Amino acid sequence: MPDMTEYPPEPWRIKMVEPIRATTREYRERALRDAGWNPCLLRSEDVRVDLFTDSGTNAMSDRQWSALLRGDEAYAGARSFYVFEQAVRSYYGYEHVIPVHQGRGGENILSRCLIRPGTHIAGNMYFPSTLAHQELNGATFHDVIVDEAQDPASEHPFKGNVDLGKLRAVIAEVGPAAMPYLSIAATVNMAGGQPISVANLTEVCELAHANGIPVFLDTARAVENAWFVQRREPGWADRSIAEILRALCAPTDGAVMSAKKDSLANIGGWIGLRDSGLAERARDLVLLFEGLHTYGGMAGRDMEAIAQGIAESVDEDHIGARVAQVEYLGRRLHAAGVPIIRPLGGHCVCVDATATLPHIPRTEFTAQTLAAAVYLDAGIRGVERGGVSAGRDPETGENRFPPLEFLRLAIPRRVYTRAHIDLVADSVIRVHRQRDRIVNGLAFSYEPDHLRFFQARFKPTQGTSIFAEGGVE
Ligand code: F0G
């Protein structure tokens, strides 16, 4: 077991800085009330350490910033597209590379190409934007992840694995002809950044292919997944991250990528495919929804930054330090008795909200309440992953309450230092110690139709605060 204070020096030094500021408790109370108790609606300048997401919030390297100047902004056939295409082909191994403005742009295209009303998609847990596009196109999602993924305390090393028995049961129930594809993620964000093993993914692909079902991989954090494979999966310890990344993609039929995560960029994405007929159809739709098939909603400079970012993402020092920073925060919280999802994932630490605030019912959005309390304490912003994120069942209109209800603290890559991470740990530990003072949950005052966690507004279920008088000091 690594010791709690283990924290490798960052393999970079700081060349450019961006000021952040501390605020007072009174200031934050006003800001959060104005934001409808939803940290997502705060202005970022009112946030001290922003762990809302690791998506598009990465610090680019000097080499990426220089690559921006090489951006070819030609409308058609830009040189930067070919640089980008070559990088995706060589690191991920997909022949056809179709640019999109970010991950959900790719999800839209892939879902429209393949899903017909009444069809069924199976996958290792849902992700809100992926699920939304599948459901908009008329599919029903079936979660076939291993049971351990739903248990915050389970130390299973690959909680992103598919339960092959569950997958066989779905295939038998709905029939393979009604399954346009499998939607597999590496890592699984909604389980807390948990990896899938190469062995499991390979078996999943074998079973799917034997039934004529293609498999598409969500590669947003596949490099982080590769790091866990190197550390945890027998037979992979001596292989490079780049080799493992290729091995993860190899058995799949394609991928949808948000380059805002692993690839260290601030915007961008791609669809990677092997089938040329499907690639033609996807390019047709990209023209309608994203932009020409040689830029897909990105500027030429974005494609240059992503190409350079992909190469940096598989650097062993980079990925080791990245995951070590996440683990350091997790170890500090765990040592102080804060209930977190185990084992630690690749991009975030997830505080189990139902274990922290068992007295706040899930109908009062326990994790949203915890997110508000953590912001009020020291200006740290995380995001709810629970009932609010899961939305309503499209058929019954009822709120969905997935087994996990947590506050996600996602760490941007190469942005914060150890001192910032200690500030976060101290604050979350303080809120946990004073959790009994949080007496009210939250209710919607405005509920949007789609991806409601982004724009929803709330009010305390009683009075004007979630705290008993006096609040958290
Ligand atoms: N897939 C996964 C696993 C994601 O985590 C995300 C985004 C997407 C797809 C969609 O990509 O944002 O580029 O359109 N996740 C962000 C997050 C928003 O905070 O977890 P996008």
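**Salt bridges, cores and helix packing in a predicted model**

In this predicted model, the side chains of arginine 221 and aspartate 54 form a salt bridge, with 2.8 Å from N to O.

User: Is aspartate 54 buried or exposed?
Analyst: A residue counts as buried when its relative accessible area is under 20%. Aspartate 54 has a relative accessible area of 0%, so aspartate 54 is buried.

User: Which residues are linked with Asp54 and Arg221 in a network of salt bridges?
Analyst: A search of the whole structure finds 28 salt bridges. Some of the residues involved are linked in a network that includes Asp54 and Arg221.

User: Where does arginine 414 lie, the partner of glutamate 312 in a salt bridge?
Analyst: The side chains of glutamate 312 and arginine 414 meet at 2.9 Å, N to O. The pair links distant parts of the chain, 102 residues apart, with glutamate 312 in helix H11 (residues 300–313). Both residues are buried, glutamate 312 at 13% relative accessibility and arginine 414 at 17%. Arginine 414 lies in the loop between strand E12 (406–410) and helix H16 (418–433).

User: What is the relative accessible area of glutamate 95, which meets arginine 89 in a salt bridge?
Analyst: The side chains of arginine 89 and glutamate 95 meet at 3.9 Å, N to O. Arginine 89 is partly exposed, with a relative accessible area of 27%. Glutamate 95 is also partly exposed, and its relative accessible area is 45%.

User: Are helices H3 and H9 roughly parallel or roughly perpendicular to each other?
Analyst: Helix H3 (residues 79–92) packs with helix H9 (residues 241–249), their axes 8 Å apart. Arg89, Ser90, Tyr91 and Tyr92 in H3 meet Leu245, Arg246 and Cys249 in H9. The angle is about 85 degrees. Angles of 65 to 115 degrees count as roughly perpendicular, so H3 and H9 are roughly perpendicular.

User: How many residues does the largest nonpolar core have?
Analyst: Those with the most contacts inside this core are Phe84, Tyr92, Leu167, Leu182, Ile184 and Trp270. Beyond residues up to four places away in sequence, tryptophan 270 touches several others, including Phe84, Tyr92, Ile98 and Met257. A second, separate core of 51 residues includes Val326, Val338, Ala371 and Val431. The largest core has 58 residues.

User: How far does the backbone nitrogen of serine 197 lie from a polar atom of the side chain of asparagine 161?
Analyst: Asparagine 161 lies in the loop between strand E4 (140–143) and helix H6 (164–174), and asparagine 161 counts as buried at 11% relative accessibility. Leaving aside neighbours within four places in sequence, asparagine 161 is in contact with Ile145, Val146, His156, Pro195, Ile196, Ser197 and Asn200. Between the side chain of asparagine 161 and the backbone nitrogen of serine 197, the distance is 2.9 Å.

Definitions and conventions. Residues are numbered from 1 along each chain as its sequence is written. This is a predicted model: local features need pLDDT of at least 70, side-chain atom pairs count only at pLDDT 80 or more; totals for chains, interfaces and linings use all residues. Side-chain values use heavy atoms; hydrogens and water are left out. A nonpolar core is a set of buried Ala, Val, Leu, Ile, Met, Phe, Trp, Tyr and Cys residues joined through side-chain atoms within 4.5 Å. Buried means under 20% relative accessible area, exposed over 50%, partly exposed in between (1.4 Å probe, protein chains only). Contact means heavy atoms within 4.5 Å. Helices (H or I, at least four residues) and strands (E, at least two) are DSSP runs, numbered from the N terminus. A polar contact is a pair of N or O atoms within 3.5 Å; within protein, one must be able to donate a hydrogen and the other to accept it, and residues adjacent in sequence count only if both atoms are side-chain atoms. A salt bridge is a side-chain nitrogen of Lys or Arg within 4 Å of a carboxyl oxygen of Asp or Glu. Axes are lines fitted to C-alpha atoms, for helices over the stretch in contact, and angles run from 0 to 180 degrees between N-to-C directions. Angles under 35 degrees count as roughly parallel, over 145 as roughly antiparallel, 65 to 115 as roughly perpendicular and the rest as oblique.
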